[in-house]
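Here is a short note for a first look at this structure. The points below can be read beside the sequence and the model.

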Amino acid sequence: MVTIESFSADFMARFGNNKHLTPVLDSLAGESILFTNMYATGTRTVRGMEALSLAVPPTPGSSIVRRPGNENLSTIGNIFQQKGYETGFFYGGDGYFDNMNKYFGSNGYAVTDRGRNIIAKDRFAAPRNTIPDKFVQFENAWGICDEDLYDAVIRDADAKHSSGKPFYDFVMTTSNHRPYTYPGGTIDIPSGSGRDGAVKYTDYAIGKLLEKIKAKPWFKNTVLIFVADHCASSAGKNEIDIAKYHIPAMIYNLPGKEPLAIDKLSSQIDLYPTLFSLLGWNYTSNLYGKDVLSPTYQPRILLGTYQKLAYMKNDSLVILSPQQKVETFRYSKESNEQTTMPADGRLVDEAIANYQTAYYLFKKGGLRQE
């Protein structure tokens with residue numbers, strides 16, 4: 001899974017952009033199982049990691065990724081481990097940031113990052129690999145460029161394939177982030193000139209990744225997921241603007257499955273339950289996410305800021321705020337407007353139940369592995 005930093009759906013032509021920044025991803029969209037109406041759970045990378053590794057609602061305050069007592073949880077990686085996979089977490093920056101290394105390392109993922117000062121900066125004691133200088137062509141304050149990160153993932157995949165081990169990797173990119181710098185000579189927008197260049201380079205690097213792995217013997221048996229952690233213009237905001245949570249997500253190269261556009265309203269937490277259903281897997285978990293393709297699926301999304309939490313079912317929206325404030329709206333996707341509506345007691349109860357039970361389960365250990 002390639003988790004793309006700060007990548008809004010509206011960067012892609014598939015969702016109306018006319019700048020031609022994402023030819024690779026737009027091409028893949030037509031060859032993949034594409035979620036056209038998926039929404040991130042939050043406005044920070046740690047929220048995307050939480051949603052994509054635990055498939056739970058964004059509990060109030062800090063992400064579970066940053067909370068104490070987050071070891072040995074029942075993660076997506078744990079499900080892959082039950083199926084015999086080795087799991088890895090790859091990050092182009094220093095995984096000490098936002099507690100990434102400790103979180104993933106304490107939950108069964110082999111950690112590979114660009115961090116250098118392991119003893120002083122990262123007191124996490126579990127096994128960890130760093131990406132050495134000789135494999136780095138470009139880096140900025142956030143980390144190495146996406147091409148260098150993907151090359152590290154490929155080297156690891158080659159080694160695992162040679163030893164006969166199936167693998168699942170959570171890959172977190174950094175190039176689509178300020179200062180928007182990347183290797184020169186790669187695309188036709190100068191490095192450091194703004195977001196458009198970073199988006200185009202992000203897409204370019206994905207194209208290079210695909211070129212390289214399509215020549216690998218393990219490619220035919222490898223499913224690739226491309227999904228954003230959150231949108232570009234939402235980070236740090238404390239208002240619930242639904243359009244600022246719309247992200248692209250696609251499952252590519254899934255054997256035996258034809259391309260499909262899934263237009264149902266869905267949450268980031270629904271990605272893996274849907275994939276596992278497509279794979280025909282049976283498993284035991286605490287996932288809150290649902291199989292979007294199930295005939296019993298009820299379209300809804302869960303999203304939030306540090307203080308506010310939202311629950312939207314079809315077009316009915318509940319926003320929960322501090323001091324037990326509850327607001328209810330009718331949401332129009334076409335105009336991106338929220339119109340106040342009378343409170344629906346059942347909908348409010350559903351919203352509270354989702355968030356309260358997720359928080360309770362984490363605090364009481366209910367999200368831990370059995």
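1. What is the order of the strands in the open sheet of 5 strands? The order is E13-E14-E15-E16-E17, with antiparallel pairing. Strands (E, at least two residues) and helices (H or I, at least four) are DSSP runs numbered from the N terminus, and two strands pair if DSSP finds at least two bridges between them.

2. This is a predicted model, in which local features need pLDDT of at least 70 and side-chain atom pairs pLDDT 80 or more, while totals for chains, interfaces and linings use all residues. Residues are numbered from 1 along each chain as its sequence is written, and side-chain values use heavy atoms, without hydrogens and water.

3. Strand E13 (300-304) and strand E17 (337-340) are the edges of the sheet, each pairing on one side only. On average, neighbouring strands are turned by 30° against each other, direction ignored (axes are lines fitted to C-alpha atoms, for helices over the stretch in contact; angles run from 0 to 180 degrees between N-to-C directions).

4. E17 pairs with strand E16 (residues 325-332) in the antiparallel sense over 4 bridges. Phenylalanine 329 stands opposite threonine 340 in E17.

5. Helix H9 (residues 345-363) lies across E13, strand E14 (309-313), strand E15 (316-321) and E16. The helix runs at about 130° to E14. Contact here means heavy atoms within 4.5 Å.
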